Amino acid sequence: MNCGKANLMSILQGMVQTIAENEQHLNQLDSVIGDAEHGSNLKQAFEKALCKVETLNVEQPEELLTEFGKAVAGSGCGSGPLFIGLAIKAAGRYLLQSGLQNPSSIKEALRAALEAVKEKGGAQVGDKTLVDALEPAVQAFEKALQSGQSLAEAFAQAREAAREGMLSTKDLAGKRGRASYLGERGVGYQDPGATSIYLLLESVYQSLTRKESNP
Amino acid sequence: MKKILNVPQNAVPEMLAGMVKAHSGLITLLSGTQAVVRKDAPVKGKVAIISGGGSGHEPAHAGYVGRGMLDAALAGAVFAAPPLDDALAALKHCATEQGVLFIIKNYTGDRLLFDMLSEEAEDMGIPTRSVVVADDVAIAEREGTPGRRGVAGTVLIHKIAGARADLGGSLEEVYQVAQKAASWVRSMGVALSPCTLPGSTQPSFTLDEDQIEIGIGIHGEAGVRREKLQPARELTQKLLEKILVDLPYQAGDEVAVLVNGMGSTPLMELYIVFNEVETFLHSKGITIYKALVGEYMTSLDMAGFSITLLKLDAELKELLDHPCLTPCWVQS
């Protein structure tokens, strides 16, 4: 796989665009169980982070990813950008050590992102948070690679698992984050954080397949 | 909902610009951030105190920056935790050799932000301590949540910690007394109507004319249950009974009472509530040492109120009485 700096930048641009396109949708989801700003906060943080990394003079693409994650966590309001930024930073940090070129290290980086979020936030699957999308996605990614599928196929599996995880949050009562205060009253509503994770993985998948079909 | 705005997206920066202009002798805004700091920060020889959270709680938090209270207040987007970069800028600007106390409301975003800020402070060699305020008794009974929310009682912790720091207390002393106050403060709130975010056409939830939400937080969210509207006396008693059993208050105890408006409740109604609070507490043999009635920690334009009780001892009384000079709490 050829994942140089330019490719990674276009993946990041795709993520920023996806979040921007879904700003109102995410706000809408958040309005029921939170404060109706998840989409706007995330959009602002992602756009600021992209501006920041575009001006950075980094050599390694892995560093770009780390700096992007740091900037999302550093410049965004609310826990959404903090957690998602933290996850991206953790993945970037892992890749800084192991390199972005082989699928197995990408698998480990995704795992590192998940662990960072779980460690900081303490959420488990079933708590109605972004972990409900991220954990099954990481597991599906690992499984796909083990069965010999390509990176793009593995991302396809991951985003599908994230989508199922995202939808599963509808039936859950929140145990972490803002939704937890509503408890049972939040049942029936999809978690905005889990939705963001699905959208981001979908975006990465789209970027990867776009590249494969238009080399 | 009609609102007085220019561009909704600029509501927070424009509000902060207005605040620092209106109180230019006391506070200033750190350039390129949404962090409001004491004009004379860093105050040499004094423990610095940093608090903050989402916007929409005005006058919290920037209204409490000044002598005898906060050195810095961080402002996020409406109801969202502030950016880490702003928090870092405030930390660097205000930190003294005596260290920094963080006052944190128990909400996921705020906890995470200050957690990361503490790690950064450690890397920079700045000694810090953190006090987490979790005074809302409404959700105490539910297991598996992030724990109680930090709500209006936080303002009293600002006052207590700020006074001890102003009197020259060490970081450990400021932390200890703030921690004691945090463990002795309890709140509960009720909403009569939801709030509407700047730029939004829809309120955060809908309530019928005769419905109220009991057990709200401070982010315009629904409460823990919905009830019929009831007279001030019943409502006040309902909230106080929940508060009183949570932290056993006894006959002979002295307390500070804060009757806090959520943004759109007339003072008339807040004083009606306070009248009921005084009558009820008096009947229990509990004395009100200090009363605060007004808007201290709001949820934009939500109608409703919260009641906060802080149990007092001699030390806390002295600190509550200590002078302070901030935009929205002046005491000589």
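**Entry 1: a starting question**

Where is the place of P42(B) in chain B? I looked, and P42(B) sits in the loop between β2 and β3 of chain B. Helices (H or I, at least four residues) and strands (E, at least two) are DSSP runs, numbered from the N terminus. A41(B) and P42(B) are joined by a cis peptide bond, with omega about 0 degrees. I also found a cis peptide bond from E58(B) to P59(B), where omega is near 10 degrees. P59(B) belongs to the loop between β3 and β4 of chain B.

**Entry 2: ground rules**

I note that this is a predicted model, in which local features need pLDDT of at least 70 and side-chain atom pairs count only at pLDDT 80 or more, while totals for chains, interfaces and linings use all residues. Residues are numbered from 1 along each chain as its sequence is written, chains are lettered from A and ligands numbered from 1 in the order in which they are written, and side-chain values use heavy atoms, with hydrogens and water left out.

**Entry 3: where the chains meet**

I turned to the contact (heavy atoms within 4.5 Å). Chain A brings 26 residues to the contact and chain B brings 36 residues. The two chains bury about 2,400 Å² between them, 56% of it on carbon and sulfur atoms. Buried area here is the accessible area (1.4 Å probe) that two parts lose on being put together, summed over both.

Which residues of chain A lose the most area to chain B? They are K120(A), Y181(A) and R185(A), together 29% of what that side buries.

Next I looked for charge pairs. Side chains of opposite charge can pair when their charged atoms come close. The term salt bridge means a side-chain nitrogen of Lys or Arg within 4 Å of a carboxyl oxygen of Asp or Glu. I found 2 salt bridges between chain A and chain B. K120(A) makes one with E119(B), and their closest N and O atoms are 2.5 Å apart.

On the side of chain A that touches chain B, α4 (61-75) and α5 (79-98) of chain A each supply at least two residues. With 4 residues, α5(A) gives the most to that side. I sorted the residues of this side into 8 nonpolar, 11 polar and 7 charged. For this, Ala, Val, Leu, Ile, Met, Phe, Trp, Tyr, Cys and Pro count as nonpolar, Asp, Glu, Lys and Arg as charged, and the others, Gly among them, as polar.

**Entry 4: one sheet of chain B**

I traced an open sheet of 6 strands in the order β1-β2-β4-β3-β5-β6 (chain B), with mixed pairing. Two strands pair if DSSP finds at least two bridges between them. The edges are β1 (27-29) and β6 (128-133) of chain B, each with a single partner strand, so one side of each has no neighbour in the sheet. From one strand to the next, the twist averages 20 degrees.

Strands β2 (residues 35-38) and β4 (residues 72-78) of chain B run antiparallel, joined by 3 bridges. Within β4(B), L74(B) is the bridge partner of A35(B).

Helix α1 (residues 11-22) of chain B packs on the sheet and touches β1, β2, β3 (48-55) and β4 of chain B; its direction makes about 145 degrees with that of β1(B). Helix α4 (residues 153-166) of chain B lies across β3, β5 (100-105) and β6 of chain B, at about 170 degrees to β5(B). Axes are lines fitted to C-alpha atoms, for helices over the stretch in contact, and angles run from 0 to 180 degrees between N-to-C directions.

**Entry 5: another sheet of chain B**

I then followed an open sheet of 6 strands in the order β9-β8-β7-β12-β10-β11 (chain B), also with mixed pairing. Its edge strands, β9 (225-228) and β11 (287-294) of chain B, each pair on one side only. Strand β10 (residues 254-261) of chain B pairs with β11(B) in the parallel sense over 7 bridges. There, V257(B) has A291(B) of β11(B) as its bridge partner.
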